[in-house]
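Let's take a walk through this structure together. Have the coordinates open in your viewer as you read.

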Amino acid sequence: MRQNSLRRMANDFEQKWGANMAEKQRPINGKMAEDKFDVGDESTRTGLSEESIRRAFLDNLFYVQGRFLEVAAIDDQYKALAYTIRDRLLLRWVNTVRTYQQTNPRTVCYLSAEYLPGPFMDNNMLNLGIKEAARKALASLGVDIETLITHEEEPGLGNGGLGRLAACFMDSLATLQIPAVSYGIRYEFGIFNQLIRDGDQVEATDTWLRFGNPWEVRRPHIAYDVKNGGHTEKFTDDKGRLHTRWLPSEIFRGVAIDTPILGHGVHTVNLLRLWSAEASEAFDFHAFNRGDYYGAVMREVRSETISKVLYPNDEPEIGKRLRLLQQHFFVTCSLQDMIRVMNTTNLPLERFHEKYSVQLNDTHPAIAVAELMRLLVDENHMEWDTAWGVTTRTFAYTNHTLLPEALEKWSVPLFQSVLPRHLEIIYEINSRHLDEVRMRFPFDPDRVSRMSIVDETEPRYIRMAHLACVGSFAINGVAELHSRLLKETVLGDFHDLWPAKFQNKTNGVTPRRFMMLSNPGLSELLTKVVGSGWELDLSRLKAIESRADDEAFQAQWQQVKRDRKEVLAAIIKQKCGVTIDPASLFDVQAKRIHEYKRQHLNVLHIVTLYNRIKTNPKVDIVPRTFIFGGKAAPGYYMAKLMIRLINAVGEVVNSDPDVAGRLKVVFLPNFSVKLGQFVYPAADLSQQISTAGKEASGTGNMKFSMNGALTIGTLDGANVEIREEVGADNFFLFGLTAEDVSRKLANGYQPQDIYNGNQELKCAIDLISAGHFSHGDRALFKPLIDHLLWQDSYLLLADYAAYIASQESVSAAYRDPRRWTRMSILNVARMGKFSSDRTIAEYCRDIWRAVPVPVEL
């Protein structure tokens, strides 16, 4: 019976497929065209019509996946559509490469240890303009395109904002038609998958590659040697000149794996080139023949470990070693790749900086300063002064943190064991640099010590931010406040020496992903009012300001928000098992879990509302759903305890009949770009409540505001500029300023005095301390409470009263739907500054000196 059934299925397929192929091979204008059909002259391989997409999908399903429709699994269908889309990208990619070869343009090279691009399928269809054609093509075959979009695994190649910013920049570089290559690491295992068990975060392996990745193209012929360990030796050449040779203890290879990045509405396809580590010799036959079967493959295992996992735990020494190796690995491969391309032009290597502008995305790629010097001086025999001139005109450095402890540094013994030649080069750079410091600031040994690349504190450390500053021609912060504080605090000495190097480039996000893809209802409404193309010029949204008080427009606006809230409510029910009311105020804080981001201040507000209800069950409170999302670093105990507290409070609040219908608390596990696309459009209130002066910029604040959420926040990071743009009346401000924070800490801050002086605060903390949210376990949250009462490094208690008062203003505004909707409309209308297109245009103008190079098909 089974054989007969299979035979019938095969016969049916042969008939269908034969008819299909016969149709495809009909003569067109008297000629056979195997990949054409007679609707115009469009290629099945690259055409954009519904019919060409349908045929291409079936071709890829059969010839690439080896399946026919009736037996294809969801993953087969997903890959068939992905390859169909990729074919259209590759056509544009090849044309882009040809254009760049013909014009030899100045090229931006973006070095980043992190990328969080999000799912590719939907974004690529949007940029190609084929979403509806693809939907209809698949529907004609009985395939639901949304199921395939949902099926896609998200590359977890980053930890948070840093990686997502890099991805937004890739999108804008391609959209603005700027020649660019983004370099990084192809981690086999990305940022961990977050599970919540008994309220605790549990880390699970992110196996994003387990089914393969149809978007990438492996380039085995583009591979470079990566040296590690060993020692150096001096020698003289036949002209008597002294040189240094690095004799490594180990060499492995970095292989290029490329992903095309298409701009929106253009034909430009730039490159995301990620490096995968491999052994230079995968199998040791000598070891095998000796009977050492384990040793025969150890070189391969050891080499592949380099690109195995994103951010290994760097608490133990072996973790630090691996992380330093990773940074050197992707930097040397990237620089060698640039030199390879440079050698195909007519430009000499002494003009490297004219061909490339290389951006260091934070300190992770800062070793590039020493590595480019090594490549120029040791490998290409350039004189030191010439090489240093090239290097310091090539690199620009973006700083992303004001926290001194977050500025990377490596112990000298570790550095010596991993990168002995680089240590020698850094010593020479530092010697010359300190001579300049002494010349400029004589009789100031403390300044010399502070500005040294080498921290002389035992066991001595290499300061990577200092190396980046010394070796770069431009240094920028990522928000106006952040850039000012950089010049006044952590990089103040360098600003005194080189004030012209310092700039600000306020971050931005791409409206294509975070408005058009995330919020199609809002996008459709905006297009009806301002016309198409606003996603390429977000300032055009100012036109909706005139509709802010229009009743009909407000009703449409409210319906769009309600629709997105219902979608998120369904997701929360499915993921968390909690039923929430879409009519309630969705109060959202979704970001990396960290003490300075102050998720526990949010919790204190929830407990305060809970106490008010328990004290007076009839108290009038605006119904709220508190939604949290974000991951804590695996080794960050206090952040993981904060997650436990959120879930513990949620467990009690959600089950207490006294608060039913008024308060709900939800922690959405495994927050990601993919999940964020459902969260940002559904939020009513965006919590941006970090301690003033601690957040560099933030980009989640922009994504929420672009989708009509109102912000409650401090004057920190980009909040300052968002408030300036949307208007003070449309922003709920509270808390100390950065200057207030500095003064309070300097004057001997005593948080227990605030605790004793504020009865609601005291009741909230005491309820947590008493074990009310931990089944009577008083010890569980004691470390968190003790820190708040006796240290409170991030001034939660100092800001508590102002925060509660601001939340009362939020409730009052939400009670007035017309007022709230007006504020929401004005937020969206005035967010034009925060498109990453504006940010990239400023980088191109002020730092990279890069211009658009249009690509034609």
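## Rings, a covered helix and cysteines

Phenylalanine 120 is buried, because its relative accessibility is 8% and the cut-off for buried is under 20%. Keep in mind that this is a predicted model. Tryptophan 215 also counts as buried, at 2% relative accessibility. The rings of phenylalanine 120 and tryptophan 215 have centres 6.1 Å apart and planes at 45°, so this pair is tilted. Distant parts of the chain are linked here: phenylalanine 120 belongs to the loop between β3 and α4, tryptophan 215 to the loop between β6 and β7, and 95 residues separate them.

In total, the structure holds 19 aromatic pairs. Phenylalanine 62 and tyrosine 63 form one that is edge-to-face, since their planes meet at 85°, with ring centres 5.0 Å apart. Phenylalanine 62 is partly exposed at 27% relative accessibility, while tyrosine 63 is exposed at 53%. Elsewhere, ring pairs join Tyr110, Phe169, Tyr843 and Trp848 into a cluster.

Charges meet rings too. Arginine 245 lies over the face of phenylalanine 235, 3.9 Å from the ring centre. Likewise, the charged end of arginine 447 sits over the ring of phenylalanine 441, at 4.0 Å from its centre.

Next, look at helix α12, residues 368-379, where 11 of the 12 residues are buried; among them are Glu371, Arg374 and Asp378. Just after α12, histidine 381 adopts a positive phi of about 55°.

Finally, how many disulfides does the structure hold? There are zero. For cysteine 844, the nearest cysteine sulfur belongs to cysteine 109, 13 Å away. Cysteine 844 is buried, with a relative accessible area of 6%, whereas cysteine 576 is partly exposed at 27%.

Technical notes:
Residues are numbered from 1 along each chain as its sequence is written. This is a predicted model: local features need pLDDT of at least 70, side-chain atom pairs count only at pLDDT 80 or more; totals for chains, interfaces and linings use all residues. Side-chain values use heavy atoms; hydrogens and water are left out. A disulfide is a pair of cysteine sulfur atoms within 2.5 Å. Buried means under 20% relative accessible area, exposed over 50%, partly exposed in between (1.4 Å probe, protein chains only). Helices (H or I, at least four residues) and strands (E, at least two) are DSSP runs, numbered from the N terminus. Rings of Phe, Tyr and Trp (its six-membered ring) pair if their centres lie within 6.5 Å; planes under 30 degrees apart count as stacked, over 60 as edge-to-face and the rest as tilted. A charge sits over a ring if NZ of Lys or CZ of Arg is within 6 Å of the ring centre and within 35 degrees of the ring normal.
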